[in-house]
Amino acid sequence: MNPSVLVVHQRAAMRRLLRLNLELEGVTVVEVATAPECFRRLRSQTFAALMVDPEVFADPRHEAALGRAVRRLRLPTLVVANGPDHRRFALRLGDAPYSARPDAIDRLVAAVLALIAGFSVPTIL
């Protein structure tokens with residue numbers, strides 16, 4: 001059985017790019033674009049890892065709910081941001097690994113594979 005990863009990103013092109021690259025590595029990917037959809041998926045499915053775009057969780061209530069879900073599920077999470085200003089978001093998620101360079105696809109895929117395998121991932125990619 002392939003591990004599953006939930007990719008939560010506001011841009012469809014980025015979700016698709018991450019999905020295609022992770023699927024090449026044998027990972028099953030579920031894509032969502034909104035916080036409510038993310039929470040529905042987290043309640044109904046089991047995932048080996050989570051990739052999130054902080055912009056999707058701009059509402060403080062959504063960010064708080066995500067933090068609770070990540071802690072409750074002990075879900076390895078990678079924050080994929082569009083700039084360094086989202087580092088605090090990763091810190092609030094339990095010092096989750098963080099990449100300010102969503103274009104570094106090889107690094108992102110390697111980090112997700114390491115999270116799935118239970119390995120330590122650098123805090124900043």
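Arg101 touches Ala81, Arg107 and Leu108, leaving aside residues up to four places away in sequence; touching, or contact, means heavy atoms within 4.5 Å. Arg101 sits in the loop between β5 (98–99) and α5 (105–117). Helices (H or I, at least four residues) and strands (E, at least two) are DSSP runs, numbered from the N terminus.

A quick word on the source: this is a predicted model, where local features need pLDDT of at least 70, side-chain atom pairs count only at pLDDT 80 or more, and totals for chains, interfaces and linings use all residues. Residues are numbered from 1 along each chain as its sequence is written, and side-chain values use heavy atoms, with hydrogens and water left out.

Now for the salt bridges. A salt bridge here is a side-chain nitrogen of Lys or Arg within 4 Å of a carboxyl oxygen of Asp or Glu. Searching the whole structure turns up six of them, including these:

| Salt bridge | N to O distance |
|---|---|
| Arg15 and Glu31 | 3.6 Å |
| Arg19 and Glu31 | 2.3 Å |
| Arg92 and Glu63 | 2.3 Å |

Glu63 is at 16%, so Glu63 counts as buried, while Arg92 is partly exposed at 47%. Salt bridges with shared partners also join Arg15, Arg19, Glu23 and Glu31 into one network.

How values were computed. Buried means under 20% relative accessible area, exposed over 50%, partly exposed in between (1.4 Å probe, protein chains only).
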